[in-house]
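Reader: I'm new to this and would like to see how two chains can meet. Could you walk me through it?

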Amino acid sequence: MPVLVAACVIVACLIAVTGSVLPRWAIDSLAIATVSGVTLGAVVLLVRTGSDRSYVWLGGWTPHRGVSVGIAFVADPMSAALGVLIAGLTTCALLFSWHYLDAVGGHFHALMLFFVAGMEGFVFSADLFDMVVFFELMGAAAYALTGFHVEDETAVEGGLNFGLVNSLGAYLSLTGVALLYARVGQLGLPQLGESLGHQRPDALVVTSFVLVMTGFMVKGAFVPFHFWLADAHAVAPAPVCVLFSGVMVELGLYGVARIFWTVYAGTIPEDDIRRAFVIIGAVTAVVGAVMCLGQRHFKRLLAFSTIAHMGLFTMGFAVLTADGLGGTAVYVLGHAGVKSALFLIAGVLLARYRTIDELELYGVAREQRLTAGLFFVAALALAGLPPFGTALGKSIAEEAMASAGYHWGPVLFVVVSAMTGGAVLRFGARAFLGLGDRPDPEHSEETTTGEEEPDERLSGAVPFAMRAAVVVLLVGGLAAGVVPGIGKAAAHAAERLMDGTGYAGQVLSGRSPAPLLPEPAAVWTGAGVWLSLLSTVLAVLVAAAGLWSRRLRWLDAGEPVMRRLHRVHTGHIGDYVAWMFAGMAVMVVLVGLPLV
Amino acid sequence: MTRPARLIIFLLGGGVVAVAFVLATLDLPHFGSDHHPYRDLSVPAAVQHGTANVVSAVNFDQRAIDTFGEESILIASVVGAAALLRPSREETERRVPDLGRTLESTRLIGYVLLPITLVLGMDVVAHGGTTPGGGFQGGVILATGLHLLYVVGSYPALDRLRPVVPFEIADGAGAASFAVVGLIGLGSTGAFLGNFLPFGQFGQILSTGTVQVLSGVVGVEVVGGMVVLLSSFFEQEIAVRPEDR
Amino acid sequence: MAIYAYLVAGYLILIGCFGIIRSRHLVHAVVCLSIAQAGTYVLLIAIGYQAGGASAPVFGSTTKPNKHVVDPVVQAMALTDIVVSATVTALLLALAIQINKRQGTVDPDELAALKG
Amino acid sequence: MTVLVAVALTVVALAGTAVVLADAPERQAVTLAVFGVTLVVLFVVLQAPDVALSELGIGTAIVPLMVMLTIRTMWKDRQQRERREDRRSEGDA
């Protein structure tokens with residue numbers, strides 16, 4: 001596992017130093033070869049780990065009698081799968097940027113590799129402080145990548161908002177780590193879990209929980225920590241957005257889940273966490289979906305759709321069952337493929353037409369037949385078209401919510417995915433088909449328009465590598481739904497992740513893992529398919545309503561709410577920090593008050 | 001949002017968080033207490049590896065992966081800052097600046113201090129395993145020393161002494177060698193970043209196995225990184241604005 | 001005294017954030033962020049302190065290794081943190097320079113490129 | 001000893017407040033360096049020489065230097081922008 005990280009860093013250093021003299025194709029091939037190698041390594045790790053765990057103690061500091069001064073890297077099926085996803089998505093992103101982007105002497109590639117190194121390290125590390133370090137590595141590379149188009153005023157501003165809010169989140173996490181350390185004098189996740197387990201959840205436990213989670217909740221764009229995400233996604237180069245939306249944001253949720261189950265599960269009662277995260281997830285999903293409908297800048301629209309989906313993922317996690325988490329994992333896989341494909345199509349449009357503003361692109365992209373086809377497949381899949389991974393994951397998570405007693409859960413899942421899918425479809429119908437009322441681009445000063453410095457100027461045909469990357473991603477999203485046994489594998493992976501005691505026992509004392517439950521419920525069901533089809537149909541209706549909204553007077557009723565919500569998204573860094581503290585206060589109240 | 005509204009939201013949120021924090025500190029072991037379980041493990045482990053500076057032992061041996069991550073952050077930021085501060089299309093790269101005259105006495109102090117800092121910095125790097133100091137501290141002192149020349153007002157001198165390219169190479173090579181040392185450890189001890197060198201006599205400069213090696217590598221990287229980082233800022237500061245031509 | 005050090009650390013974090021909230025200049029905001037981060041070092045070092053004459057965790061030829069020292073682990077963490085802070089500050093300042101170039105202002109109240 | 005620690009902590013808190021309340025970033029570069037020095041003293045008092053050494057380099061020298069360079073760059077860029085606008089308005093006239 002550490003070799004995956006080390007390989008990225010070594011090659012990144014090489015590219016950083018020699019980038020100015022190497023020809024472009026050499027940099028591209030070197031970077032792609034490295035990331036494919038890492039992907040392969042992660043696949044091998046995933047296969048070898050199976051449904052077990054593998055672990056190494058770095059520096060050979062293996063524990064004696066359950067204590068160690070070292071740091072362990074642990075792969076269980078969930079983290080190994082995420083490792084594959086990270087490296088695989090990066091491969092597609094780099095493939096896409098083969099003909100794309102002024103690489104500035106290899107800086108772009110070096111930063112991408114550091115980004116991958118940070119994410120891989122974060123996923124495997126079994127030490128709280130070490131996780132924060134890799135979190136910062138992922139951040140540092142990401143801030144620079146976001147502001148990569150320095151000529152674009154929105155890009156640098158988005159990068160700064162992202163950087164400031166995320167670093168502040170990381171420092172607050174560090175504060176929480178320090179508080180925990182002061183109490184138990186340990187930093188490793190298994191050690192922390194063992195020493196915290198069965199302690200009464202007092203003020204220290206709750207405060208450290210909220211502080212540690214703040215960093216990850218900022219990264220995971222939970223409302224009201226989410227503001228940076230739209231700014232950063234809207235301005236980052238398309239291949240970078242692929243990594244942001246496809247996996248980086250989800251790693252925030254992974255951090256929350258991993259740390260809850262390994263460290264806090266023994267002390268903070270599950271009901272407490274379930275209540276807090278179901279509420280936060282639902283709010284995130286609704287805010288994301290509503291904001292998504294109101295966008296005309298396509299990447300910003302996709303960014304809010306990511307926020308909405310993060311809300312759904314959070315709810316799937318929050319039921320705290322193997323089915324819920326496993327369904328979420330499948331959903332994340334499917335979402336990564338589909339959403340990334342959409343971001344890359346946005347990149348193609350931006351390169352071709354120098355804008356991705358919905359109203360300006362009205363009917364302009366008619367000649368892009370093939371791209372349009374790919375776009376609509378991806379948009380419908382985002383709404384939950386079976387048999388994509390999004391549909392399978394969604395239906396498993398819905399079922400888990402319903403059986404946990406949240407009968408409104410499936411309704412929210414259907415509505416939210418229909419709204420985000422509908423917003424994307426509406427964009428496509430305007431841009432590729434020229435459907436709907438002819439819009440007036442001058443209208444509306446409430447939101448960001450889609451004029452942007454393109455990543456690369458493209459005239460003529462869309463290069464093969466770009467389309468290939470889109471197709472590969474879509475196939476990946478489809479595979480997440482149709483590969484036999486994937487739901488079961490995900491449920492097993494979730495079970496491993498949730499077994500904090502087993503984790504500690506295995507990593508610290510070499511005890512063999514607990515046997516898995518025989519037959520998890522995670523498969524396609526009739527109800528799941530029907531609900532997925534329903535959300536797809538609803539999405540088409542939402543899109544139609546958006547296209548011909550001027551004829552639907554009753555839509556105006558929602559206008560004031562929309563406008564107020566838009567006004568909150570100010571792009572002002574001070575506001576973002578203020579909301580962050582408000583969010584922390586809400587967390588303290590949600591988690592802490594019931595325990596008093 | 002208006003300024004008062006923002007302030008109110010922050011004060012409400014911050015107030016709740018502050019109360020929680022105060023309650024949490026009341027649950028902590030008191031300041032200056034004897035409750036340090038990790039230390040009780042870490043000190044014997046450092047002594048066993050012959051490292052007299054336990055902080056270095058933690059940084060470069062027991063928790064070396066933290067430092068590896070941190071060095072990667074450093075070089076990633078250096079690359080990032082260089083990318084962000086690259087001269088944009090309309091800016092020409094640079095000119096020789098004329099920063100005016102500096103008082104002779106200031107200059108003298110600078111020239112006297114410079115070699116002292118450089119020697120001090122190298123000493124700090126070299127003895128990281130045995131006395132306070134190590135790669136970061138020494139590297140930072142060295143980088144600071146080089147920039148004393150700027151305070152002295154002689155940017156051209158700094159420029160001559162500090163052609164950026166070797167420092168870029170030092171930066172990259174330092175970070176990469178950290179990983180390579182880790183991989184050698186993997187090859188010879190079976191664990192990434194394993195301490196594969198003999199530990200030697202406690203308290204001696206070459207007694208600490210890989211601690212000293214990694215400390216030196218980090219020293220090289222930090223000097224390189226900090227110098228390149230600062231030079232990106234210097235370049236901006238003296239860049240020719242198009243209208244000035 | 002028992003918790004004064006922790007409170008100072010918490011105070012630094014909060015005042016840093018307060019500075020960001022009321023900042024009228026992005027460089028000011030970035031500097032305030034580094035103050036907030038300094039709060040984390042103070043917290044770490046305060047946690048590792050041991051009263052009663054515990055020495056620094058560095059043994060020389062005269063001091064024999066013993067466990068009556070302050071906690072080395074938090075010091076290692078603080079070291080890591082300090083380097084991280086410098087680099088992140090550098091990145092943010094670089095972005096601020098570019099914002100100033102493109103928009104001619106660095107007052108968050110006047111920046112308006114991203115809305116809704 | 002305890003008194004010394006308490007004084008060092010209080011000075012750090014005051015210096016931090018001064019940095020935050022210094023609204024002009026030019027002055028902040030200086031106050032930030034002073035704040036760095038107070039932290040160095042605190043770390044020495046708390047028996048953390050390693051941390052004090054690196055804070056000495058980074059907190060009192062490198063970061064304030066970067067802040068100063070940033071402000072000077074911004075100032076020059078803004079002057080240039082003003083010159084450009086002046087010229088444009090002269091052209092209009």
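Predicted model: local features only at pLDDT ≥ 70, side-chain atom pairs only at ≥ 80, totals over all residues.

Reader: How many salt bridges does the rule find across the interface of chain A and chain B?

Author: One that you can look up is A:D127 with B:R63. Their closest N and O atoms are 2.7 Å apart, and the cut-off is 4 Å, so this pair counts. Across the whole interface of chain A and chain B, the rule finds two.

Reader: How much area is buried between chain A and chain B?

Author: The contact takes 65 residues from chain A and 58 residues from chain B. Carbon and sulfur atoms give 75% of the buried area. The area buried between the two chains is about 5,100 Å².

Reader: How many residue pairs are in polar contact between chain A and chain B?

Author: Here both residues of a pair need pLDDT 80 or more. With that condition, the count between chain A and chain B is seven. On the side of chain A that touches chain B, the residues divide into 42 nonpolar, 14 polar and nine charged. So back to your question about pairs in polar contact, given the pLDDT condition: seven.

Reader: Which helix gives the largest share of the nonpolar patch?

Author: The patch covers about 400 Å² and is made by B:V19, B:V22, B:L23, B:L26 and C:L7. B:V22, for one, lies in helix α1 of chain B. Four residues of the patch, the largest share, come from chain B's helix α1 (residues 3–26).

How values were computed. Residues numbered from 1 in each chain as written. Chains lettered and ligands numbered in written order. Heavy atoms only, no water. Contact = heavy atoms within 4.5 Å. Buried area = accessible area lost by both parts, 1.4 Å probe. Salt bridge = Lys/Arg side-chain N within 4 Å of Asp/Glu carboxyl O. Polar contact = N/O pair within 3.5 Å; in protein donor to acceptor, adjacent residues only side chain to side chain. Nonpolar A, V, L, I, M, F, W, Y, C, P; charged D, E, K, R; others polar. Patch = residues over 30% accessible without salt bridge, like charges linked within 9 Å, V, L, I, M, F, W, Y side chains within 5 Å. Areas by Shrake-Rupley, 256 points an atom, 1.4 Å probe, with all protein chains shown as cover. Helix = DSSP H or I, 4+ residues; strand = E, 2+ residues; numbered from the N terminus.
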